[in-house]
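This report walks through one protein chain, from overall build to single residues. Please keep the sequence and the 3D view open while reading.

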Amino acid sequence: MDMDYDAFIVGTGVAGSSLAYKLKTAGMKVAIADKAGFGGICAFHGCIPKKILSGAAEIVDSGRRMHDKGVNCNSKLQWSDIIRFKDELVHSYTDPKEAAFKKAGIDTYHGTVSFHDHNILLVGEKLLSAKYILLTVGATSRKIDITGAEYLTTSDEFLDLESLPEKIIFAGGGYISFEFAHIAARAGADVTIIHRGENLLKNFDQDLVNILVDASEKVGIKVITGQELREIRKHQNKTENIENTESNDINSKLELVTFDKKSKKEVTHKCDMVVHGLGRVPDIEGLETEKGGVKLEHGAIAVNEYLQSISNPAVYAAGDCILPGPALTPTASLQANVVASNIIDGNKHTADYTGIASAVFTIPTLAAVGLSQKNLTEKHKVLSSDLSKFYSARRTNLGYSYSKVIIEKDTEKIVGAHLIGPAADDVINIFTLAIKAGLTLPDVREAMYAYPASSYDVKYMLR
């Protein structure tokens, strides 16, 4: 059977874009499609816009911290202006993408994509066949089964708000809630984070998370644990004319009902908005995977070690729509390289997830890579350092800086690092390289770092 394409890619984010170019360079006939704008979640509603807003929040916070210390600044984020700036930057990156695909000889399609058969897709109203179908559809907000769930504002919607409400509750204690809460607080909002469990940011070192919670509360962010969401109610301002729908929408408030696990009682929280920070799941709704013989596992595309579907050998997948590896942009890029190599060379390549760093872009920044303290064995040693009194933390009056570096006792190889403080998102990459390259404590400690850069503190972390 002649196929329309050698490879058809669903999703235009980091993984999909990388696959398209690699397979085209290998001489294949390639097409790519997206149900939204070309660029993927990371570009439109993920790490790129989030980092733009968190960067602006950091500038504002720096000015506040240095007030009466030579910097006369008491500003807050101007929400509509920073959103406009964010949109300009995002579109400067995403707008040229489709033209670049076409210039490279890659066919492009817009619209919903679903399986019609094992090798056939329904793209909009067209049936197209491909030898390989590559799924890089990313993730979306998890559906929440509570009354009033329709009143939740997703993280995607939050990043596109034209104005910021006065009182915001972030539901869930993960990185989305913490990052957005820190941004909103610097824009003048009254902010609360509510989490059902006791451990916030569960994939990060809890001692450092406690430091972040302290920093969060000191800027006015209320952090509540042990409360489970029960219901969201919309409460209309009765002073308004009930026939005036637009006015009612503007003046309507929300009531978030939670169940407090300690008191065993319901608690009602009033706010203007409840933001969904309750987790994300593979964005596979509408793919009709059953028609393509594509099995799922825990709601994700089930793949083997080669990132190939376990039930349809024509299908490969990468990124947040599969379970292996942490749900991060570097992971998606790594997996795309593995998939491309396996399609070109045959199934020979697997993904090595060792040493993938992650960060929470709050103020201060929290970052981690490698082995965590909860997974230690007798073979490991933890080097803990309180750097809050060091120059790098004091020069902008930040006041927070702490590190934990995990090494093997016998070899002194660095196997994990956990940081909070100035430039933690950059400094963590030194440890990422060390873990990947198998470097030892002396190797990293004795390097000649620029002084007094934040990365120079690595020497003190390894004493």
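Helices here are DSSP runs of H or I with at least four residues, and strands are E runs of at least two, numbered from the N terminus. The model is predicted.

## Overall build

The protein chain holds 14 helices and 24 strands. Its radius of gyration is 24 Å, close to the 23 Å that the globule rule gives for 463 residues, so the chain is as compact as a globular protein of that length. Along the principal axes, the C-alpha atoms fill a box of roughly 75 × 75 × 45 Å.

Of the 463 residues, 50% count as buried. Take the contacts with a separation of 6 or more: residues 24 or more positions apart account for 64% of them.

## Surface and charge

The chain exposes about 22,100 Å². Carbon and sulfur atoms supply 49% of that area. There are 52 positive and 58 negative charges.

## Helix 7

Helix 7 covers residues 175-186. Its twelve residues reach 17 Å from first C-alpha to last, close to the 16 Å expected at 1.5 Å a residue.

How much of helix 7 is buried? Eleven of its twelve residues are, so the helix is largely enclosed by the rest of the structure. Among the buried residues are Phe178 and Phe180. Glu179, His182 and Arg186 are buried too. After the helix comes Gly188, with a positive phi near 95°.

## Helix 10

Helix 10 runs over residues 329-345. At 1.5 Å a residue, its 17 residues should span 24 Å, and the end C-alpha atoms are 24 Å apart, which agrees.

Its buried residues include Ala332, Ala336, Val338, Val339, Ala340 and Ile343. Thr331, Gln335 and Asn342 are also buried. What covers them? The cover includes helix 1 (14-25), strand 6 (126-135) and strand 19. Just after helix 10, Gly346 takes a positive phi of about 95°.

## Thr192 in strand 10

Thr192 sits in strand 10, residues 190-195. Is Thr192 buried or exposed? Its relative accessibility is 6%, so Thr192 counts as buried; the cut-off for buried is under 20%.

Which residues does Thr192 contact, leaving aside its neighbours within four places in sequence? They are Ile168, Ile169, Phe170, Lys222 and Ile224.

## Two loop residues

Asn74 lies in the loop between helix 3 (47-65) and helix 4 (79-94). Its relative accessibility is 66%, so Asn74 counts as exposed; the cut-off for exposed is over 50%. From Asn74 to Gly226 is 152 residues in sequence and 35 Å in space, C-alpha to C-alpha.

Ile310 is in the loop between strand 18 (300-301) and strand 19 (315-317). Neighbours within four places in sequence aside, Ile310 is in contact with Lys295, Ala302, Val303 and Asn304. Ile310 and Ala340 are 30 residues apart in sequence. In space, their C-alpha atoms are 17 Å apart. Ala340 is one of the buried residues of helix 10.

How values were computed:
Residues numbered from 1 in each chain as written. Predicted model: local features only at pLDDT ≥ 70, side-chain atom pairs only at ≥ 80, totals over all residues. Heavy atoms only, no water. Contact = heavy atoms within 4.5 Å. Rg over C-alpha atoms; globule rule 2.2 N^0.38 Å. Buried < 20%, exposed > 50% of the residue type's maximum accessible area, 1.4 Å probe, protein only. Areas by Shrake-Rupley, 256 points an atom, 1.4 Å probe, with all protein chains shown as cover. Lys, Arg positive; Asp, Glu negative; His and termini not counted. Charge placed at Lys NZ, Arg CZ, Asp CG, Glu CD. Expected span 1.5 Å × (residues − 1).
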